[in-house]
Amino acid sequence: MSYVDEVLEKVRAKNASEPEFLQAVEEVLNSLRPVIDANEEMYRKEALLERLCEPERQFKFRVPWVDDNGQVQVNTGYRVQFNSAIGPYKGGLRLHPSVNTGIIKFLGFEQIFKNSLTGLPIGGGKGGSDFDPKGKSDREVMAFCQSFMTELYRYIGADTDVPAGDIGTGAREIGYLYGQYKRIRGVYEGVLTGKGLSYGGSLARKEATGYGLLYMTKEMLKSNGIDIAGKTACVSGSGNVAIYAIEKAHELGAKVITCSDSTGWVYDPEGIDVALLKEVKEVNRARLTEYAAKRPSAEYHEGRGVWSVKCDIALPCATQNELLIDDAKQLVANGCTAVCEGANMPTTLDATKYLQDNGVYFVPGKAANAGGVATSALEMSQNSERLSWTFEEVDSKLQQIMINIFHNLDEAAKKYGLPGDYVSGANIAGFEKVVDAMLAQGVC
């Protein structure tokens, strides 16, 4: 049995109740076979893959808080510190009812390679809670965040573990979390990223994941002789990533005609009105039905359906496993040229394979959405220097980071005889840097 198969068997047996984590590990290890097979004896002796697939530590804790009716509520909090070989743990905090150990582990595992790809000194981690901020008052969100941080503060720090935002964790939540950390520790340090501009946040951080996704998409298309200008794109989601992906796509000359939320989706043949979308989602925190009601050209549809619309480029920006095999078949049938992931693992394994087998350019989330964590690392740098860079400075650095990531993964794929396989290229490029650091630091 090969070393990869041996480790996959162990991981499946040990984590049988965590399908998302198993999916992430299988996708990564299978694509790394050329590298691992070439170094099998050394990697097996060092138990390298076992160490890579096992978090350095993980925490699970209760989060009690009081709602507006005086009722005590109890949620579960998580933090997984997966790998610190190349720097302090870095990864967001997801607040969503679906959060469990397996989802946090899958996100933390992916974060190892994503953070490595940025070229910046940050390791992989992730955290969150099954708390749902939707429908909660500001006071209730504050009560939860303060309770959550009262436990989490023990395990994080500017040079240890630097959390950030994710689904459900926006500027409001980061503010409450940071305030409680500062209150408990009595120090003012860059322990959280995604902070407000008045207390250490970075310009362009809010836009970074969506903008970075389009910088990656543009560079990938350009390297294959395709101009993004004039192309039609479908986007899923309507949160932070989706909004700024749509904004940057329009700036680059593409037209985005769809977006979605948890209850339905919008088709707008004239192009999504970004200002209206921001008003609906960022200001009013409303459903897309409100967008359709205010936009005569828009059609609202209940349920799923974003990927049924004919497009040149598909940008899944909502959540994991949202683009299924039937969606992939529809995209191919409609002549889609490229799929670049704005969310973390939004495409199922069979859908990814179908797209690749049918000639669709496919860039995985760990590369395509790395602009968010890259800019978080730039925020850390600014905090350490006690400086604040201009929007243009940060955006320029972000653009160059995304261009570099594409060329690094493209070269890694070619090096191992896999030209055009950007999934393998991303995993290999991220893996090689982490492995070099792990081997250099001994058994730890």
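Two strands count as paired if DSSP finds at least two bridges between them, and β1 and β2 (residues 72-83) go well past that, with 10 bridges in the antiparallel sense. Welcome to a quick tour of this predicted model. The stops are an open sheet of 5 strands, a nonpolar core of 101 residues, and a buried serine, Ser424.

**The sheet**
- Reading across the open sheet, the strand order is β1-β2-β4-β3-β5, and the pairing is mixed.
- β1 (57-66) and β5 (161-164) form the edges, each pairing on one side only.
- From one strand to the next, the twist averages 20 degrees.
- Within the β1 and β2 pairing, which is antiparallel, Pro64 stands opposite Val74 in β2.

**The nonpolar cores**
- The largest core holds 101 residues, and those touching the most other members are Leu29, Leu49, Phe109, Met216, Tyr291, Ile405 and Phe431.
- Helix α18 (residues 422-440) supplies the largest share of this core, with 9 residues.
- Another core, of 22 residues, lies apart from it and has Val63, Leu93, Val141 and Val191 among its members.
- Leaving aside residues up to four places away in sequence, Met216 touches Val363, Ala367, Ala368, Met402, Ile405, Phe406 and Leu409.

**A closer look at Ser424**
- Ser424 is a residue of helix α18.
- Ser424 counts as buried because its relative accessible area is 6%, and the cut-off for buried is under 20%.
- The side chains of Ser424 and Asp421 are joined by a polar contact of 2.8 Å.
- Ser424 also touches Ser31 and Leu418, again not counting residues up to four places away in sequence.

Terms used:
Residues are numbered from 1 along each chain as its sequence is written. This is a predicted model: local features need pLDDT of at least 70, side-chain atom pairs count only at pLDDT 80 or more; totals for chains, interfaces and linings use all residues. Side-chain values use heavy atoms; hydrogens and water are left out. Helices (H or I, at least four residues) and strands (E, at least two) are DSSP runs, numbered from the N terminus. Axes are lines fitted to C-alpha atoms, for helices over the stretch in contact, and angles run from 0 to 180 degrees between N-to-C directions. A nonpolar core is a set of buried Ala, Val, Leu, Ile, Met, Phe, Trp, Tyr and Cys residues joined through side-chain atoms within 4.5 Å. Buried means under 20% relative accessible area, exposed over 50%, partly exposed in between (1.4 Å probe, protein chains only). Contact means heavy atoms within 4.5 Å. A polar contact is a pair of N or O atoms within 3.5 Å; within protein, one must be able to donate a hydrogen and the other to accept it, and residues adjacent in sequence count only if both atoms are side-chain atoms.
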